[in-house]
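We will begin with the whole chain and then select one piece after another.

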Amino acid sequence: MMIKRQYSFAELVDVDEIRPVIQGFYTFTGIPPSLTDTQGKVLLAVGWQRICSDFHRKHDLTRQRCVESDTKLAAMLDMSKGYSCYKCLNGLIDVAMPIVIEGAHLANLFTGQFFFTPPDKEYFRRQAREMGFDEVDYLAAVDEVPIFTRERVEGAVRFLGCLAELIAGMGLKQLRLVELNEDLERTVERRTDRLRKEVEVRKRAELELETALAEYETVFANSSVGIVHLKGGRRIHRVNRRFLQIFGYDSPEEVRGQSALVLHLSQRNYESFGKEYYNPLARSDVIHVEYQLRHRNGRAIWCSLYGKAVNPPHMEQGVIWVIEDISSRKELESLREDMEMITRHDLKAPLSGIVSMARVLLQNEELDTEQCEALSLIESTGVRMHTQINHSLDLFRMESGEYEFRPESVDLEKLVQRVADEFEVKSKSLEVSIEVGLRTKDGRPVTALAEEMLTYSLLANLLTNALEASSSGDVVRVELNRDHGRCLVSVSNSGVVPDHIQGTFFSKYVTSGKSGGTGMGTYSARLMTEIQGGTITMASKSGHGTTIMVNLPGAYENEYTRSVE
């Protein structure tokens with residue numbers, strides 16, 4: 001399948017995100033890589049030789065030769081072989097590899113500059129005189145250019161090319177998912193806007209009822225949304241034609257006088273709906289809720305409901321409900337979730353390849369410490385991404401009620417310290433310190449009845465949010481305690497949650513003040529806590545900061561209860 005429209009490489013990949021990997025490649029191999037688009041624009045360059053940066057790229061003629069060489073090298077790319085090797089017009093060796101994504105050639109990967117054999121000093125001496133370079137300094141720069149074997153260069157560039165194409169492919173999948181979400185949001189916005197306009201029409205009709213009854217009746221009968229007027233004990237008084245179409249009735253007489261119970265999925269739903277929404281209606285509130293009601297044939301229908309009391313102080317005069325069938329929108333939302341599942345699944349296989357390749361390279365005993373650290377960074381990053389993908393699949397199962405919880409004894413003290421250790425690099429980069437404290441004094445471990453991986457992800461999410469919400473010089477505190485056999489973990493930082501999201505802090509897609517934030521961190525933390533039989537709360541106040549408290553079942557809770565008795 002071809003890309004549905006032409007994207008640039010920069011649109012698909014955040015170059016700054018792959019810079020550490022490219023830098024690690026250069027540290028490991030000593031071969032300087034660079035990325036250019038198909039027009040020759042340099043997107044990323046690491047470890048360029050001084051002869052290029054200080055001489056060739058600064059002189060008009062030699063710079064023109066560089067661009068011409070890159071263009072020629074790109075034109076020579078052998079798609080079957082996967083790369084091309086070329087001696088540039090300034091006398092250095094370059095290797096180029098095309099980056100092709102689903103049939104589209106989006107960028108080129110260059111490695112250079114280097115020699116395969118010792119350089120011809122007389123050639124570069126003449127070039128120095130021709131261009132007016134300082135001959136001594138220029139020849140010294142020539143001596144700095146490394147000499148590699150062709151096999152070493154070809155092996156290294158294949159690895160980096162596979163990595164770049166994998167990252168670009170991930171970016172393409174993410175971009176398509178974003179486009180799908182944007183299409184869905186536009187559809188939802190159009191329908192919501194249409195419904196809002198219809199509700200405004202209904203409000204105006206109510207205010208003008210005594211003077212414009214004929215107009216009101218016309219609108220009521222022909223509205224594109226369903227309307228029902230409930231009176232006297234929530235009984236159906238009037239309905240319009242669209243209401244009959246939505247719920248499958250043939251005439252108003254079939255439902256007139258019946259209890260609204262006929263529209264609910266169960267007696268329990270009917271009673272809880274009344275308790276939750278009729279008190280606000282009595283206070284003149286306008287109610288908007290997405291709710292499942294029952295079709296005449298018994299099937300459930302997702303509806304968007306807008307409700308307003310006719311005369312709030314006198315609820316016996318009834319409530320007008322405006323109803324729109326949003327089943328198709330809910331199906332689109334389900335499709336989005338399916339697409340997210342497919343994307344996560346498709347990312348796992350190539351990530352496993354990266355991790356395996358890094359592990360194989362780490363077995364080379366000739367690697368120095370810096371090279372091993374660079375490969376270890378690639379491996380650990382890949383493992384962490386693979387774990388996060390698996391974890392996101394578990395979150396989907398939690399949302400759908402299909403997750404199978406397998407509790408075990410988890411030493412929270414060791415787990416918290418492990419998470420804190422793994423976040424040491426991130427905390428240093430943010431100039432925020434992490435303190436771990438244990439409040440118990442009896443020496444017994446704080447052991448939860450939980451899943452270790454779920455609890456690890458839960459703590460990692462909370463610690464990530466706390467670090468990112470902190471300022472330079474702040475301290476993030478993680479404290480452990482026990483209370484009546486339960487395990488308590490608190491994460492505190494000096495930041496304050498905005499008032500307007502405190503009430504929905506653990507809801508899906510709620511975020512504020514974070515560039516690129518998705519609002520999934522605290523939502524997934526709540527899911528992971530509740531699936532393990534725990535609770536999670538948040539307290540945030542100016543001058544006191546924010547504390548999130550997680551309460552999990554203790555592995556020895558039953559023994560504690562018996563000892564108290």
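Among contacts in the chain between residues at least 6 apart in sequence, what percentage join residues at least 24 apart? The figure is 62%, where contact means heavy atoms within 4.5 Å.

Before you click further, note that this is a predicted model, in which local features need pLDDT of at least 70 and side-chain atom pairs count only at pLDDT 80 or more, while totals for chains, interfaces and linings use all residues. Residues are numbered from 1 along each chain as its sequence is written, and side-chain values use heavy atoms, leaving out hydrogens and water.

**Whole chain.** Colour by secondary structure and you have 18 helices and 17 strands to explore. Both are DSSP runs numbered from the N terminus: helices are H or I with at least four residues, and strands are E with at least two. Of the 565 residues in the chain, 44% are buried; buried means under 20% relative accessible area, exposed over 50%, and partly exposed in between, with a 1.4 Å probe and protein chains only. Show the surface next: the chain exposes about 29,600 Å², with 50% supplied by carbon and sulfur atoms. That area comes from the Shrake-Rupley method with a 1.4 Å probe.

Ser34 has Ala45 in β2 as its bridge partner. Four residues lie between the two strands of this hairpin, and Gly40 in the turn has a positive phi of about 90°.

**Select the five-stranded sheet.** This open sheet runs in the order β7-β6-β10-β9-β8, with antiparallel pairing. At its edges are β7 (235-239) and β8 (287-294), each pairing on one side only. From one strand to the next, the twist averages 35°.

Now step through the neighbours:

- β6 (residues 226-231) and β10 (residues 319-325) are joined by five bridges, and Leu230 has Val319 as its partner in β10.
- β9 and β10 are antiparallel, with seven bridges between them; look for Leu305 and its bridge partner Ile323 in β10.
- β8 and β9 also run antiparallel, joined by eight bridges, and Leu293 stands opposite Ile301 in β9.

Stay with β8 and β9 to see their hairpin, where five residues lie between the strands and Gly298 takes a positive phi near 100°. Strand β9 is mostly covered, as seven of its 10 residues are buried.

Axes are lines fitted to C-alpha atoms, for helices over the stretch in contact, and angles run from 0 to 180 degrees between N-to-C directions.

**Move to 452-468.** Helix α15 has 17 residues and reaches 24 Å from its first C-alpha to its last, close to the 24 Å expected at 1.5 Å a residue. The expected span is 1.5 Å times one less than the number of residues. Its buried residues include Leu454, Tyr456, Leu459, Leu463 and Leu467.

**Finish at Ser524.** You will find Ser524 in helix α17 (residues 521-531). Is Ser524 buried or exposed? Ser524 is buried, with a relative accessible area of 3%. Its contacts, leaving aside neighbours within four places in sequence, are Leu395 and Asn461. With Asn461, the side chain of Ser524 makes a side-chain polar contact (2.9 Å). A polar contact is a pair of N or O atoms within 3.5 Å; within protein, one must be able to donate a hydrogen and the other to accept it, and residues adjacent in sequence count only if both atoms are side-chain atoms.

Conventions. Two strands pair if DSSP finds at least two bridges between them.
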